[in-house]
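Hi there,

I'm passing on the structure we talked about, with some notes on its pockets below. Please have a look whenever you get a moment.

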Amino acid sequence: MDVVPKKKWQYPIAVERDYAKWLVAYVDKEMEIVESFLPEMADSVYRNSIRQDAIGDWLGNLVDKVGRAIKQKLSALPVINRTFKLTDRHVKEQLNGIEESLFGVRTRRPYDTHQLEMIKTIWTSQNLALIKSIDQQVLDGIRYALSQRIIRTVGHDQTVSDLADDIQRLGGATRKRAMLIAVDQVGKLHSQIAHYRQFNSGIERYIWVTRLDNRVRPRHKVRHGVSYRWDNPPPDGHPGWPIRCRCVAQPLYNLDSFKLTPRKGTFTENEKRGIMAVNINGIGEARIPVAKITQYVLHPENSKGKDVAFKSALGYDQNNAMKLIENVERNINSGVITERPQTKYGKPMQIALKLTGPNGKTANVITGWIMDAETKEVRLTSMYVKSPKQGGSTNGSKGV
Ligand SMILES: [Zn+2]
């Protein structure tokens, strides 16, 4: 049985704010350095606008000089390291908090720390590169301002105040970009570490949770409450990965593998009305409504005999319906896809799978899907065991 903890996984807003604040302060300091060169810049522009020779030389040299001063005085590495540590701590606190509330204890499993080191190395170098690109944006902006000011020659004092305006504008645009970078990077890091720590704790799937406000992108809005496998991400990635996504992954605990008893009132069951998402190569994100399996495919009265075939061919019935869904999810990308002609409801497709059931037997299972004509959403519509003798569908235990 899968249970959803009532205690909610939180987005690391404090870490995001901290990093954004620091990056903006970095730009402030950077602009101060630029401003300290203002007299020299104005002098050069004024002098060279009269001479107008060797423009490239002095301009390039001056910009290089500013660049060297920035490099000498500012370093981003300590804050990048701190942000990593804070994000990781946040994830550990979320996981510990949820497990303590659910089971009264924390689950302990061996972690592959090499993987976390990899995440750290890649994230660190990416952030160093982004901050370098902020520096470059500033230097390019100065170069552009100087070359523009030299074309429109004005008096010396006017040049000073014009350049001061240019620097101010440049600072504003750079601060804005720094803030976007901070928000996006903390979201991406949180997404990766949550994935790493949840998956290594034995959590195989999660429920996609949005902020439920009007800033949530439509594509994510429809994912709210749907469960995903950590090893089968949707095309644009797990929660928090797409640019500026604030969604989170609420862990699902499979009690068969955790073998712990959750405390009363700390969880809800996920099975009855759940929707599972699976990413199918060449098709994209698809939905499996659990009720379709429990109330139709494996239901003794509603399935028109399909249930008998599943029981005898593979060993599935209503009691282990979730195992059948997991089996389909795990094997979906090794199936053979057959597309059917478009109808007014959408585009039907069949995916033929070879599944091995809990009884140790292997059988061919045909899964039916439809891409909704209106919403373009792909969902499971039917499933049956294909008879090995007849080669066609079976409506009962005959031929199995
Ligand atoms: Zn989102």
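Let's start with the largest pocket, which has a volume of about 520 Å³. Its lining is made up of 25 residues, and those closest to the centre are Lys8, Ile207, Val209, His224 and Gln250. Please keep in mind that this is a predicted model.

Which strands supply at least two residues each to that lining? They are S1 (2-5), S2 (205-209), S4 (248-254) and S5 (267-269). Of the contributions to the largest pocket, the one from S2 is the biggest, at three residues. Sorted by class, the lining of the largest pocket holds eleven nonpolar residues, eight polar ones and six charged ones.

Now for the second largest pocket, where the space comes to about 410 Å³. Here 18 residues form the lining, with Gly67, Ile70, Lys71, Lys132 and Asp135 the closest to the centre. Two or more lining residues come from each of helix H3 (55-73) and helix H5 (113-151). H5 has the largest share of the lining of this second largest pocket, giving seven residues.

And how do the residues lining the second largest pocket divide by class? Nine are nonpolar, three are polar and six are charged.

Best wishes

Key: Residues are numbered from 1 along each chain as its sequence is written. This is a predicted model: local features need pLDDT of at least 70, side-chain atom pairs count only at pLDDT 80 or more; totals for chains, interfaces and linings use all residues. Side-chain values use heavy atoms; hydrogens and water are left out. On a 1 Å grid over the protein atoms alone, a cavity is a set of points where a 1.4 Å probe fits but cannot get out, and a pocket is an open set with protein on both sides within 12 Å along at least five of seven lines; lining residues have an atom within 4 Å of a point. Grid points are joined across faces, edges and corners, and a volume is the space filled by probe spheres set on the points. Helices (H or I, at least four residues) and strands (E, at least two) are DSSP runs, numbered from the N terminus. Ala, Val, Leu, Ile, Met, Phe, Trp, Tyr, Cys and Pro count as nonpolar, Asp, Glu, Lys and Arg as charged, and the others, Gly among them, as polar.
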